[in-house]
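Visitor: I would like to learn how to read a model of this kind, feature by feature. Could you take me through it slowly?

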Amino acid sequence: MEIKNVVVAGAGVLGSQIAFQVARFGFQVKIWNRHTDRAERRLAGIKAPFMKDMNASEADYQKAMDNIVDISNDLQKTVADADLVIESVSESLEIKKAFYEDLDKILPDHTIVASNSSTFVPSQLVKLTDFPERFLHMHFANHIWKQNVAEIVGTDKTDPAVKDAAINFTRAIDMVPIVLKKENHGYVMNALLIPLLNAAQALWANGVADPHTIDKDWMISNGSPLGPFMILDIVGLRTAYEIVNNQYQQTKSPLAKKIADKLKEMIDAGHTGVEAGQGFYHYPNPEFQDPDFLKK
């Protein structure tokens, strides 16, 4: 199973990064997004952090961008010649269900589909598809060019050749394949990270301390370069809201509802994280860049 043409469906914070990383290594990439202008803005927003993280030039950035050959809201046209579709639409089961219903009608017979879902596991999403043997999960981290792991797991219906193709593709885009023996909510990375973020948000929602204070305590106490609310700003508060709102829908936890409501207030105010210029911090010069941030 040779992968040449790749489609990334959903150009949010991580979807746009996935498309860029794949394009960096010579693959022809098409992006499907309902709002093409948003996809274009997010791709433009990759330039500065990519160049900083990788000590790269503007020419390096542009070389990757030249391999992104189309950005469209026409799903049928976009996937027509795809060897691999990476699904990165919003972390809502209803949105994913609608996407897969549309994809089922038009997907070429040979195309592999990989979900980048952070919240759902393969056994949940495979039920939404008509191609279980060609379906698996490939989960990526934010700042994908630097945090270069891909967590890979399928179901008992996934063709072993499909998993092998996903592993080979992962290596071809300079990622380290982390192959799980079985599915797990949050894979490995988020299974470790999300409890930290949940605990921090609970302290905030319950009025124990403000986000900056919580970050300072975590960073000083553990020698961590980032606090949980810095991470939330990078992830994006829309994604954070979707995760905790899904938790509330499943558990009806009053605390999850309280956190979701506070995040929703910030989202409604346009304070959605780094991309928006404001989240728990103000960008492009966030408060934690002050040399005295951890001393005050």
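Visitor: Which residues form one aromatic cluster?

Guide: This is a predicted model, in which local features need pLDDT of at least 70 and side-chain atom pairs count only at pLDDT 80 or more, while totals for chains, interfaces and linings use all residues. Residues are numbered from 1 along each chain as its sequence is written, and side-chain values use heavy atoms, with hydrogens and water left out. The cluster consists of F20, F50, Y61 and W145.

Visitor: How is a pair of aromatic rings described?

Guide: One gives the distance of the centres and the angle of the planes. Here rings of Phe, Tyr and Trp (its six-membered ring) pair if their centres lie within 6.5 Å, and planes under 30 degrees apart count as stacked, over 60 as edge-to-face and the rest as tilted. By this rule the count comes to 14 aromatic pairs. One of them is the tilted pair of W32 and F99, with 5.6 Å centre to centre and 40° between the planes. This pair links distant parts of the chain, since W32 belongs to strand 2 (residues 28-32) and F99 to helix 5 (residues 93-106), 67 residues apart; helices (H or I, at least four residues) and strands (E, at least two) are DSSP runs, numbered from the N terminus.

Visitor: Are W32 and F99 buried or exposed?

Guide: Buried means under 20% relative accessible area, exposed over 50%, and partly exposed in between (1.4 Å probe, protein chains only). W32 is buried at a relative accessible area of 7%, and F99 is buried at 2%. F229 and F280 form an edge-to-face pair, 4.7 Å centre to centre with 70° between the planes. Because F229 lies in helix 10 (residues 228-235) and F280 in the segment after helix 12 (254-268), this pair ties together parts that are 51 residues apart in sequence. F229 is buried, with a relative accessible area of 0%, and F280 is buried, with 9%.

Visitor: Where does a charged end sit over a ring?

Guide: A charge sits over a ring if NZ of Lys or CZ of Arg is within 6 Å of the ring centre and within 35 degrees of the ring normal. The charged end of K216 is placed in this way over the ring of F293, 5.0 Å from its centre, and K252 lies over the face of Y248, also at 5.0 Å from the ring centre.

Visitor: What should I know about phi and peptide bonds?

Guide: Most residues other than glycine have a negative phi, and most peptide bonds are trans. K252, in the loop between helix 11 and helix 12, has a positive phi near 60°. D174 has a positive phi of about 60° although it is not a glycine; D174 is found in the loop between helix 7 (160-172) and strand 8 (176-179) and is partly exposed, with a relative accessible area of 41%. A cis peptide bond, with omega about 20°, joins Y283 and P284, and P284 is placed in the segment after helix 12.

Visitor: Which helix gives the largest share of the lining of the second largest pocket?

Guide: On a 1 Å grid over the protein atoms alone, a pocket is an open set of points with protein on both sides within 12 Å along at least five of seven lines, and lining residues have an atom within 4 Å of a point. Helix 8 gives the largest share, five residues.
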